[in-house]
Amino acid sequence: MAGIQFPATEKGDRSTTAFGKSVFGSAAQSLGRGDVAEAIKKEKDWRHQYVKHLDALTDQLCVTATQDAEKVAQALRSGLEQARAMEFESAEGTTLRLAEAMAAMPKKFETVKVEGTGTPMLELSLPYAGKHLTGQELSNQVDHWAKRGTMEPDSAEAVKIGAQRLGDLRGRTFLVLGAGSELGPVRPLLQAGATVAAVATRRPGRWGELLAFARSTAGTLLVPVASAQAVANDNELAQVAGADLITETPSIAEWFLRCGREAVGAVTCGTYLYADGEANVRLTVASDFVVDTLAQALGNQKVSFAYLVSPSTSVVIPPEAVQAQETNFTIAGRWSKLFGQRLECPTLPGVTPPLHIFHGLVVLQGPNYALAQMMRQWRAVLLHMGGFVVSTPVAPTCRTESVVHNKTMSAILDGMGHWHPMESFNPDTARMAMFAILVSELTEQQPPKLASPMHIFARKAFHSGGWRCPFDLSSLGASTWVLGRLAPAKHPGRHVNQVKLPHQRRWRQCLQQQQQQQQQQQNST
């Protein structure tokens, strides 16, 4: 198996469990929490018990970030350094340390430029519930999502700002890892007239579709092609286009760096990657080397970075979200109160003002998924602390192809909408909403001032309602599946001018009462 590999253990195997535990243990030890590191090391049932250890580590990172940000940076660097200690096997069969392979960065790819002939998209259209929302309809919908708690208020504002700033993308260059991602921004970026250097695996059918799409837009698609390949038309280009991030990492880094240096305007590197199991970790390590290479070579005045944060991770959330959980529990139905367990977002000790953590990791997803997600978050924090503009909004739960091919998961997503304020989304809806948020973030010339570096994930979150739902949805799994099969709730957050249903009136009355109480408290002080 050529390319990036997990390091061999003393026993000669390539254990993902030992590797993951070493990464998290290294971060904990550097943070000064030897007890957390020791608990991770001693855990015998890592596959089923990893969540409690990673939540403990994240809690300590978040607390320490409010007191000693540099100590947190050291811990994150230590964890990432351990994660990057992989091996690389060349096509010739030579194995060396991945860091050594990356240092060489051999030139392999030439750039084929595919220029569109269309007119630039200047107005954002959000596909949702059978309609394409623009203008005031779009604003009303995102405001409604924010009011019911499916997204945070600053996320709704970001969508509205981004929808008005599409013209800012002309002249910008985007370096995209995972160009085939269903939630990634490649297609709307091209429609808006941006230049996109795309890395995706060699799949001629998909490249053919992307090339045809790019020709119809106002954008420019930069396609990596192995140097020895010559192409006469788009059909031939589709046969040879693409690159493998796991086996060609050093050359991809070289190509991206070349594209970034040749770009006249600002550059953004976006990471939109996913793979099942341990391949997800190897992809993430590869992308981390590429991102770090760009950051060091181009600097924070030239390049910015973009990620989408999974809603199934543990992050700091605003206190208003925790307050909303109480309101939503008050108006919740009898069934959910009978079977649902209350969601716990603990207030971490020793921090003023109070710090709340949403523990979103799910045992079912596995420790490799958690490692990949947390590595990306750690890199985002370090980039933010290094003065880079970093877009890292939490993305909603979606009916992506990788999810809905599992009939059980598909039914659960369709049933989520029965638990206020939850809603799962089709990929095209999420893609355009997250694209608008990205545009809004890129208008910021400097990183925002935050309460701590770990608060970067609390901004502009479109979390599907998970932060404000009062229940741990895993406790309602069976009910959610049944409801999804019998009564799918695919657009519960649709904004319509109609008479409110009884449960909607109760929710509105409860919210008004809470607002009145808050106003009275402010007046009294």
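User: Is E441 buried or exposed?
Analyst: E441 is buried, at 2% relative accessibility; buried means under 20% relative accessible area, exposed over 50% and partly exposed in between, with a 1.4 Å probe and protein chains only. This is a predicted model, where local features need pLDDT of at least 70, side-chain atom pairs count only at pLDDT 80 or more, and totals for chains, interfaces and linings use all residues. Residues are numbered from 1 along each chain as its sequence is written, and side-chain values use heavy atoms, with hydrogens and water left out.

User: Which residue forms a salt bridge with E441?
Analyst: K460 does, with the closest N and O atoms 3.3 Å apart. A salt bridge here is a side-chain nitrogen of Lys or Arg within 4 Å of a carboxyl oxygen of Asp or Glu.

User: Where do K460 and E441 lie?
Analyst: E441 is in helix α18 (427–442) and K460 in the loop between α18 and β17 (471–472), so the pair ties together parts 19 residues apart in sequence. Helices (H or I, at least four residues) and strands (E, at least two) are DSSP runs, numbered from the N terminus.

User: And K460 itself, buried or exposed?
Analyst: K460 is buried, with a relative accessible area of 9%. Its side chain also meets that of E444 in a salt bridge, 3.2 Å from N to O. K460 and E444 are both in the loop between α18 and β17, 16 residues apart. E444 is partly exposed, with a relative accessible area of 22%.

User: How many salt bridges does a search of the whole structure find?
Analyst: The search finds 26. Among them, D168 and R165 meet at 2.6 Å, N to O. D168 is partly exposed at 37% relative accessible area, and R165 is partly exposed at 33%.

User: Switching to strands. What is the order in the open sheet of three strands?
Analyst: The order is β12-β15-β14, with antiparallel pairing. Two strands pair if DSSP finds at least two bridges between them. The edge strands, β12 (315–317) and β14 (347–348), each pair on one side only.

User: How many bridges do β14 and β15 pair over?
Analyst: Two, in the antiparallel sense, with β15 covering residues 355–358. L348 stands opposite L355 in β15.

User: Which helix lies across β12 and β15?
Analyst: Helix α13 (residues 319–330), running at about 75° to β12. Axes are lines fitted to C-alpha atoms, for helices over the stretch in contact (heavy atoms within 4.5 Å), and angles run from 0 to 180 degrees between N-to-C directions.
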